[in-house]
Amino acid sequence: MILDINLFFVFIILFASILQTSSGFGFSIMATPFLLILFLPYEAIQINLILSLIISILLLSKIKDHIDFILIKRLFIGSILGIPCGIFIFKSIDTNVLKLLIAVIILILTILLIFNLKIKSSKNKDYIIGGISACLTSSIGMPGPPLLLYFTGINISKEKLRATTLAFYLFIYSFSLISQIIFVGTNHTIWKYSIYSIPIVFMGLIIGQIFFKYLNQNTFKIFTFILLFCTSITLFIEVLLK
């Protein structure tokens with residue numbers, strides 16, 4: 001039984017690492033719902049934060065030329081209020097209600113994007129998206145959906161999407177992890193499984209880099225829609241199984 005659980009854990013981390021490396025998002029979207037099956041909520045969230053942070057650090061030198069620094073600055077500013085808001089939600093509000101709401105919003109917006117909904121970027125929208133992503137990071141460990149929906153809506157290139165998202169993650173995961181440790185606490189299980197996962201993350205990074213080279217812009221967009229649908233469905237299932 002323990003062996004089966006460990007194999008399931010390895011598969012989750014490997015697949016999620018490939019998604020994160022090849023697209024700039026996907027680790028938290030893929031890993032968090034399944035990690036919540038294996039671990040306590042705060043353990044799953046912190047393992048997700050640690051491993052996502054490692055991936056962002058390892059990829060930073062390869063992607064820095066494609067980062068939109070003006071957008072990153074605005075996302076950072078917006079996240080200042082989002083992180084404490086997420087900690088408050090995690091400690092005081094039923095996260096299942098939050099997950100259900102997020103699932104419904106993601107599903108509706110994804111359908112609108114498929115039918116060519118266009119979003120016009122602006123400074124205020126950048127701030128808001130940064131705040132929402134930070135709030136979701138520190139509350140449920142899942143910042144990807146709002147960034148992905150927004151970036152897809154404003155139709156930025158796959159290179160800029162991946163680079164800007166990973167750069168933002170480097171900042172937001174660091175502060176969210178520190179906030180989680182200070183206000184929620186941590187334990188041996190979190191760090192043990194995180195350390196064990198590092199070789200798996202390296203393998204996912206290599207495979208993900210190969211996949212990224214063969215993804216054209218249209219394929220990348222279809223891939224994002226599928227991933228968003230899967231996110232909303234897994235969140236629905238997770239809430240129903242509670």
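Cys 85 has a relative accessibility of 35% and therefore counts as partly exposed, a class that lies between buried (under 20% relative accessible area) and exposed (over 50%), as computed with a 1.4 Å probe on protein chains only. Cys 135, with a relative accessible area of 11%, is buried. The model is predicted, so that local features need pLDDT of at least 70 and side-chain atom pairs count only at pLDDT 80 or more, whereas totals for chains, interfaces and linings use all residues. Residues are numbered from 1 along each chain as its sequence is written, and side-chain values use heavy atoms, with hydrogens and water left out.

A disulfide is a covalent bond between the sulfur atoms of two cysteines; here the term is applied to a pair of cysteine sulfur atoms within 2.5 Å. The structure holds 0 disulfides. Cys 85 is in no disulfide, and the cysteine sulfur nearest to its own, that of Cys 135, is 3.6 Å away. Cys 135 is likewise in no disulfide, its nearest cysteine sulfur being that of Cys 85.

Aromatic pairs were assigned to rings of Phe, Tyr and Trp (its six-membered ring) with centres within 6.5 Å; planes under 30 degrees apart count as stacked, over 60 as edge-to-face and the rest as tilted. By this rule the count comes to 8 aromatic pairs. The pair of Phe 11 and Phe 15 is stacked, because the ring centres are 6.1 Å apart and the planes are at 0 degrees. Both residues lie in helix 1 (residues 2-23), and because they are 4 residues apart they are separated by about one helical turn; helices (H or I, at least four residues) are DSSP runs, numbered from the N terminus. Phe 15 is partly exposed, with a relative accessible area of 37%.

Phe 76 and Phe 168 form a further stacked pair, at 6.0 Å centre to centre and with 20 degrees between the planes. Phe 76 lies in helix 4 (residues 69-92) and Phe 168 in helix 8 (residues 158-183), so this pair ties together parts that are 92 residues apart in sequence. Phe 76 counts as partly exposed at 25% relative accessibility, whereas Phe 168 is buried at 0%. One aromatic cluster is formed by Phe 76, Phe 168, Phe 171 and Phe 175.

In soluble globular proteins, nonpolar side chains tend to be buried together. A nonpolar core is taken as a set of buried Ala, Val, Leu, Ile, Met, Phe, Trp, Tyr and Cys residues joined through side-chain atoms within 4.5 Å. The largest such core has 59 residues, of which Ile 13, Leu 35 and Phe 151 touch the most other members. Helix 3 (residues 41-63) supplies the largest share of this core, 10 residues. Beyond its neighbours within four places in sequence, Phe 151 is in contact (heavy atoms within 4.5 Å) with Leu 71, Leu 75, Ile 156, Leu 161, Thr 164 and Thr 165.

Asp 126, in helix 6 (residues 123-140), counts as buried at 3% relative accessibility. Not counting residues up to four places away in sequence, Asp 126 touches Leu 71, Arg 74, Leu 75 and Tyr 150.

Phe 212 is placed in helix 9 (residues 188-213) and counts as buried at 10% relative accessibility. With residues up to four places away in sequence set aside, Phe 212 touches Ser 22, Lys 158, Glu 159 and Arg 162. Phe 212 and Arg 162 are 50 residues apart in sequence, and their C-alpha atoms are 9.7 Å apart in space.

Definitions and conventions. Helices (H or I, at least four residues) and strands (E, at least two) are DSSP runs, numbered from the N terminus.
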